[in-house]
Amino acid sequence: MSPARAPRAAARPGPAEDAPTTQQAPMPLRAEVLLTTDYGHIVVTGTGPDTVLPGGPVPPGEAPADTALSALAGIELGTVIGPLLFSDWPERDTPPGAVPLQICVYGHRPLTHAEAGALTGATAATGPRLVDPAGLDPAAPATRRILTALAAQAATTAPAPATAPNTVLAQLLLTCPDGRVVIAPTGSYPQCDLPGAAPGPGEVPHAAAARAGQSATGLVRLDPGRLLATDWRTGSDGPVLVHIYDHPVLTGGQAAALAADVGNPRTPLPLHPDDAIRTLHGGTIGAALAARIEGRTAELAYGRPRHPGVLDRYLLHLRERPAPGPSRWRHGEPEPGAGVRSARMWLLASDGRVVVHHHLETGATELPSHQVHGETPVETAARTAAGLVLDTAPYVIGHHHDDSFDDVRLVGPVQAVGPLSAESGTVRLLMTPRQAAELIHDPVDPVEIEMVRRAAATLTLPSSPARQPVTEIAAGTPPW
């Protein structure tokens, strides 16, 4: 959309030749302006059913465009508005006996990151603030007007000139051994993001990502891995194509070096993924982490995956899990007389993947399990496998031992999946054993994963790739 300059002295609002004025209109007028961001949010004022676009009543003798400019001045957004998007006469929403109010909605260029940042923290109940239009009351008259304005703007926005330069930004996804993501200060809006830089002359994107990571963290010999995600954004200077590269998990020494300078405001801050995605481009970070787990490359537009998968939908890869501790894995059955707390099953599908339960209410992800009460782990496993068709009886491969209780692990092949009760709030997922070790909340020892792999080989099941898309399985025949 090419913005039209509309100074207060102008008699008409530029390209909107037929925009009404108070002299022409036989009814009261209100002028509003549609302010949008490049990640889909809009600026509104008021609360509840009184939520509206910025604007106000048009005084006698003033053009509606000038009233819209007055609303911009109150938010310190300059003196330029776009053309008239549409004029609305909401007669059906006018109370009986009242005079209908005609409303003129004007366009505006997308807000810059700095302008959006000034409104991001707004908490005033009625002042201007950023909201997602999907969260507005669909029955409110103002919501219908806002959605119409968004559709009109999308239909009239001209494409960028063919000569407009595209900026490339290369970023590096660095994670600590405990799963935290390294976020670096940027010196601009957003205040923090993944370490990144634009490639210099003759520099390829992954080299720029390594340079940015070293500059932000002080760590040397960073070696970017494969491309995890691309994201198309609109920056203050034009379109931005973001490349996010993987990197091996930092060593304990590297993570400690970052923590040693934690008081320095220029030092990167390791954040838990659930906190990292609260940054402006957090959707990109979450998608990159999902792509790492699934061994794929994600395509995003404005931080949203074009083809979201199970991890993007349920966000189980962003849930906080217990920090890894010393190995408590023991081979075989627990000692006679030992207290057995639970029996958890590695249920192997015919393609070598395993069945995992994800609980929607708590966000916990775990192997199918049951508490052991006065029975053997194998008998408990039979209850755990209710609704599943097993090829052979499950058997114990080992247990996790602590001072009071043992958690027994069993393995067995599953042929089909039956229904889960609707009130269970649980979904069944299919993933590789290595992915399960990264995503479930219970401790998993590397030796345990190797024993699951051997069990699959003994059952003549194929060795599945370590990383592939996680899938959801419904009742009936699962997709393997």
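Strand S13 (residues 227-235) and S14 are joined by eight bridges and run antiparallel, with Asp-231 standing opposite Val-242 in S14. Pairing here takes at least two DSSP bridges between the strands. Strands are DSSP runs of E with at least two residues, helices are H or I runs of at least four, and both are numbered from the N terminus. Before going on, note that this is a predicted model, in which local features need pLDDT of at least 70 and side-chain atom pairs count only at pLDDT 80 or more, while totals for chains, interfaces and linings use all residues. Residues are numbered from 1 along each chain as its sequence is written, and side-chain values use heavy atoms, leaving out hydrogens and water.

Now look at the other neighbour of S14. S9 pairs with S14 in the parallel sense, over six bridges, and Ala-170 has His-243 in S14 as its bridge partner. S14 is mostly covered, with seven of its eight residues buried; buried means under 20% relative accessible area, exposed means over 50%, and partly exposed is in between, using a 1.4 Å probe and protein chains only.

These strands belong to an open sheet of six, ordered S12-S9-S14-S13-S16-S17, with mixed pairing. Its edges are strand S12 (196-197) and strand S17 (304-305), each pairing on one side only. Down at the S17 end, strand S16 (residues 298-301) pairs with S17 in the antiparallel sense over two bridges, and Ala-301 has Arg-304 in S17 as its bridge partner. Helix H4 packs on this sheet, touching strand S9 (167-172), S12 and strand S14 (238-245). Contact means heavy atoms within 4.5 Å. The direction of H4 makes about 55 degrees with that of S9, where axes are lines fitted to C-alpha atoms (for helices, over the stretch in contact) and angles run from 0 to 180 degrees between N-to-C directions.

An α-helix has 3.6 residues a turn, so residues three or four places apart point the same way. After H4 comes Gly-218, whose phi is positive, near 80 degrees.

There's a second open sheet to find, with three strands in the order S11-S10-S15 and antiparallel pairing. Strand S11 (192-193) and strand S15 (269-271) are its edges, each pairing on one side only. Strand S10 (residues 181-185) is joined to S15 by three antiparallel bridges, and Val-182 stands opposite Pro-270 in S15.

A loop is worth a stop too. Thr-36 sits between strand S2 (29-33) and strand S3 (42-44), and counts as buried because its relative accessibility is 10%. Leaving aside residues up to four places away in sequence, Thr-36 touches His-41, Ile-42, Pro-110, Leu-111, Leu-150 and Gln-153.

Finally, zoom out. The chain has eleven helices and 27 strands, and 48% of its 480 residues count as buried. Among contacts between residues at least 6 apart in sequence, 71% join residues at least 24 apart.
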